[in-house]
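Colleague: I would like a close look at one part of this model, the surroundings of a ligand. Please go through it slowly, as I am new to reading structures.

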Amino acid sequence: MDISNIEKKYKNSRFSKLFENNNVYCICHSLTTNMLYGDVIMKRIYDSFNDYKTINMVFESLENEFHLETLKQIIPQMIHKGLLIDIDEADVKSYIKKFNIGISQYKIQNMYFLITSNCNLRCKYCFVEDDNRNLKFENMTLETAQKGIDVFAKLTQEAEPITITFYGGEPLMNKEVLYATMKYIRKLEKDKVFSSPVQMTLITNGLLIDDETIKVLKETDCNVSVSIDGPQIYHDACRIDIAGKGSFERVLNSFNKLKSAGLDVGVSCTLNKFNIEHIEEITDFIIEKLAPRGMGFNILLPTINACNPVEIPDHAFASRQLIIAFEKLRRHGIYEDRVMRRVRPFSEKGFHVKDCMGVGGQIVISPSGLIGPCQAFLGVDEFFPYSVDQMHLKLEELNSDYLYNESKLFNEWRQRFPLNMKDCIDCYAISICGGGCPYAAYVNHSSIWKIDDRICYQAKQIFDWMIWDAYQNQLRLNKES
Ligand code: SF4
Ligand code: SF4
């Protein structure tokens, strides 16, 4: 590091952010997560470089307070880590590097396959119950399902891995078509119609699992994830059947049946106003009674008119609860997806560019064969610009580019990520956020380009937590060595 030229001017990068906790300071570059910790000297240096200054000017202003040798150690490190820049273009360059990753990520690789909109439960938070949609209960036909798979195979020619999630409604309300579709996918895979292996996952409420389901899941190597919202009292608060009866016991039975059959079962737990305060109890229940291979907490989605009867009132509280649960699950070797997808890029110095597969990576096929980017818009036709029939006629021409060139909607969605959103560019948590859910932003603020408040709180709190978690780890390692 060349500090011989102390007359050279530097200033804080636009992306250098200062954090404080109990008089420990951290300067972190929001795009690269390069960091430096220290005591109050870090703050004084940071404040000094609020505008272009020579290193010598900063030495002179701080040498009465701090040892010159210490300043000589810290400042070069800040330059090396990009926390201080000597020309504005350095920031532009760092930004463009990350932005280009986001803008070029638009190959279709995932599909939500909504095999039915019908369901045997009436969960209090489900959008199927949303009156503001043009939604009727219907099952996908086998013809539509097979055409949908043909279309998806074409759109994913450049993707790896390829993933399909069977979703609904409750997918097992249309069992015959579901099973036939799973088998059809494996046949196409065998015939090399898909360019790479397909990972399939069935998301189910568990009520209709029987021996045949287990047989087909095994035969077709399909993962399964069961929706369980915690112990009975919390699960049954929302997940009730048509007669208003709780579903907990039946779901737990099915879960155990799947496990005893040797299947690797995941758990999907929706957090809502009834269970959010009890997350530790729920986490203990998941660890002790379910012990799944993996799990994910869903933060309740708003309904299309921007409210949900069981909405969590305090997003900041929900985020803190999520971190508590993550830490506990991690101690037992269970990785919760929602927090993990933010922890990983932080610890690996990566960048979580997009949080939603609908932002340039996914199609959703509705039971009637309409194609759009997001399943939460089911029943809102303007968000489903294509149909399976229409695309199947163009099968030979299909690829990801076709979709984005032809559809304004898909093309707009693929560009919606924080590095391309003016409210987010200067955010300290941008490297782990991914921008949350465009659907939530749309229904809450009338535009997909606005912030998804639920995830905004979450990303920032997780970032704060990780900065100081990393610091504690560093202290521990220093002590051990
Ligand atoms: S917009 Fe939201 S609900 Fe829709 S696919 Fe993306 S994350 Fe899921
Ligand atoms: S949504 Fe919020 S946390 Fe995420 S990048 Fe934007 S401002 Fe930051």
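By class, how many nonpolar, polar and charged residues does the shell around ligand 2 have?

Modeller: Keep in mind from the start that this is a predicted model. By class, the shell around ligand 2 has nine nonpolar residues, two polar ones and two charged ones. Of the 13 residues around ligand 2, those that come nearest are Pro 418, Cys 424, Cys 427, Cys 433 and Cys 456. Two elements give two or more residues to this shell, namely α16 (430-433) and α18 (453-480). The largest share comes from α18, which supplies three residues.

From the shell we can follow α18 to its packing against another helix. Two packed helices are described by the angle between their axes and the distance between the axes. For α11 and α18, the axes come within 8 Å and cross at roughly 45°. Angles under 35 degrees count as roughly parallel and 65 to 115 as roughly perpendicular, so α11 is oblique to α18. The crossing of α11 and α18 is right-handed.

Helix α11 (residues 315-331) also packs with helix α10 (residues 279-290), where the axes come within 9 Å and cross at roughly 25°. Here the angle is under 35 degrees, and therefore α10 and α11 are roughly parallel to each other. The crossing of α10 and α11 is right-handed.

The model has another ligand to set beside this one. Around ligand 1 are Leu 301, Cys 356, Gly 358, Cys 374, Gln 375, Ala 376, Cys 437, Pro 438 and Tyr 439. By class, the shell around ligand 1 has seven nonpolar residues, two polar ones and no charged ones.

Strand β1 (residues 9-12) pairs with strand β5 (residues 53-54) in the antiparallel sense, over two bridges. In this pairing Tyr 10 stands opposite Lys 53 of β5. Strand β1 is also joined by two bridges to strand β6 (residues 84-85), again running antiparallel. There, Lys 11 has Ile 85 in β6 as its bridge partner.

To return to your question, the shell around ligand 2 has nine nonpolar, two polar and two charged residues, with three residues of the shell coming from α18.

Conventions:
Residues are numbered from 1 along each chain as its sequence is written. Chains are lettered from A and ligands numbered from 1 in the order in which they are written. This is a predicted model: local features need pLDDT of at least 70, side-chain atom pairs count only at pLDDT 80 or more; totals for chains, interfaces and linings use all residues. A residue is near a molecule or strand if its C-beta atom, placed from the backbone, lies within 6 Å of it. Helices (H or I, at least four residues) and strands (E, at least two) are DSSP runs, numbered from the N terminus. Ala, Val, Leu, Ile, Met, Phe, Trp, Tyr, Cys and Pro count as nonpolar, Asp, Glu, Lys and Arg as charged, and the others, Gly among them, as polar. Two strands pair if DSSP finds at least two bridges between them. Axes are lines fitted to C-alpha atoms, for helices over the stretch in contact, and angles run from 0 to 180 degrees between N-to-C directions. Angles under 35 degrees count as roughly parallel, over 145 as roughly antiparallel, 65 to 115 as roughly perpendicular and the rest as oblique. A crossing is left-handed if the near helix is turned anticlockwise from the far one by less than a right angle, and right-handed if clockwise.
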